[in-house]
Amino acid sequence: MVTSVRNRYRPESRVIFQRFPDGAVLYTPSNENYLGLNETGARIWELIPAEGIEFEPLLRGFAAVFPEMAADELRADLSAWLDEVVAVGLLRREDAVAA
């Protein structure tokens, strides 16, 4: 049996998500981190449940929202977006170990 490590993304516990007609804002009052999101970023954030989600299921959800995009472009865009939100401190990347 092979064990693999996968990334799981979980919103920081105190993040406030405020939706606007053309996007959204993520904000954490305790450390005043914030990030403005365009419509695509807001849609991705809405796909991430409070308990977190692994990359592949999130990618499938993203692909369902944007079926016209090529698979490699979706993967690259989602990965870059997640890296940015993790770097700002609004999302945690955790190892999800599966047998």
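Visitor: Which residue in the turn of the hairpin formed by E3 and E4 has a positive phi?

Guide: This is a predicted model. In it, strands E3 and E4 form a hairpin with 4 residues between them.

Visitor: How many bridges join E3 to E4?

Guide: The two strands run antiparallel. One of the pairings sets Thr28 against Asn33 in E4. The number of bridges that join E3 to E4 is 6.

Visitor: Which residue in E3 does Phe17 stand opposite?

Guide: Strand E2, residues 16-20, pairs with E3 in the antiparallel sense over 5 bridges. A hairpin of 2 residues joins E2 to E3. Across this pairing, the residue in E3 that Phe17 stands opposite is Leu26.

Visitor: Which element gives the largest share of the largest nonpolar core?

Guide: This core has 23 residues, and Trp45, Ile48, Leu78, Trp81, Leu82 and Val85 touch the most other members. Two or more residues come from each of strand E3, strand E4, H1, H2 and helix H3. The largest share is 5 residues, and the element that gives it is H3.

Visitor: Which residues does Trp45 touch, not counting those up to four places away in sequence?

Guide: Trp45 is among the residues of the largest nonpolar core that touch the most other members. In soluble globular proteins, nonpolar side chains tend to be buried together. With residues up to four places away left out, Trp45 touches Pro11, Val15, Phe17, Leu26, Leu37, Trp81, Val85, Leu90 and Leu91.

Visitor: Is Ile44 buried or exposed?

Guide: Ile44 lies in helix H1, residues 39-46. Beyond its neighbours within four places in sequence, Ile44 is in contact with Leu58, Phe62, Leu78 and Trp81. Its relative accessible area is 2%, and buried means under 20%, so Ile44 is buried.

Visitor: How far apart in space are Ile44 and Gly61, C-alpha to C-alpha?

Guide: In sequence, Ile44 and Gly61 are 17 residues apart. In space, the C-alpha to C-alpha distance between Ile44 and Gly61 is 8.4 Å.

Visitor: Why do the buried residues of H2 line one face of the helix?

Guide: Helix H2, residues 55-65, has Phe55, Leu58, Leu59 and Phe62 as its buried residues. Seen down the axis of H2, these residues line one face because they fall within an arc. On the other side of H2, Arg60 and Ala64 are exposed. The arc that holds the buried residues is 100°.

Visitor: What is the angle between the planes of Phe62 and Phe66?

Guide: The count of aromatic pairs comes to 1. Phe62 and Phe66 form this pair, with 5.3 Å from centre to centre. Planes over 60 degrees apart count as edge-to-face, and this pair is edge-to-face, with an angle between the planes of 70°.

Visitor: What are the relative accessible areas of Phe62 and Phe66?

Guide: Phe62 is buried, and so is Phe66. The relative accessible area of Phe62 is 2%, and that of Phe66 is 14%.

Visitor: Is Glu54 buried or exposed?

Guide: Glu54 lies in strand E5, residues 53-54. Apart from neighbours within four places in sequence, Glu54 is in contact with Arg6, Asn7, Arg8 and Ala96. Its relative accessibility is 16%, and the cut-off is under 20%, so Glu54 counts as buried.

Technical notes: Residues numbered from 1 in each chain as written. Predicted model: local features only at pLDDT ≥ 70, side-chain atom pairs only at ≥ 80, totals over all residues. Heavy atoms only, no water. Buried < 20%, exposed > 50% of the residue type's maximum accessible area, 1.4 Å probe, protein only. Contact = heavy atoms within 4.5 Å. Arc of directions from axis to C-beta. Phe/Tyr/Trp six-rings, centres within 6.5 Å; stacked < 30°, edge-to-face > 60°. Core = buried A, V, L, I, M, F, W, Y, C linked by side-chain atoms within 4.5 Å. Pairing = 2+ DSSP bridges.
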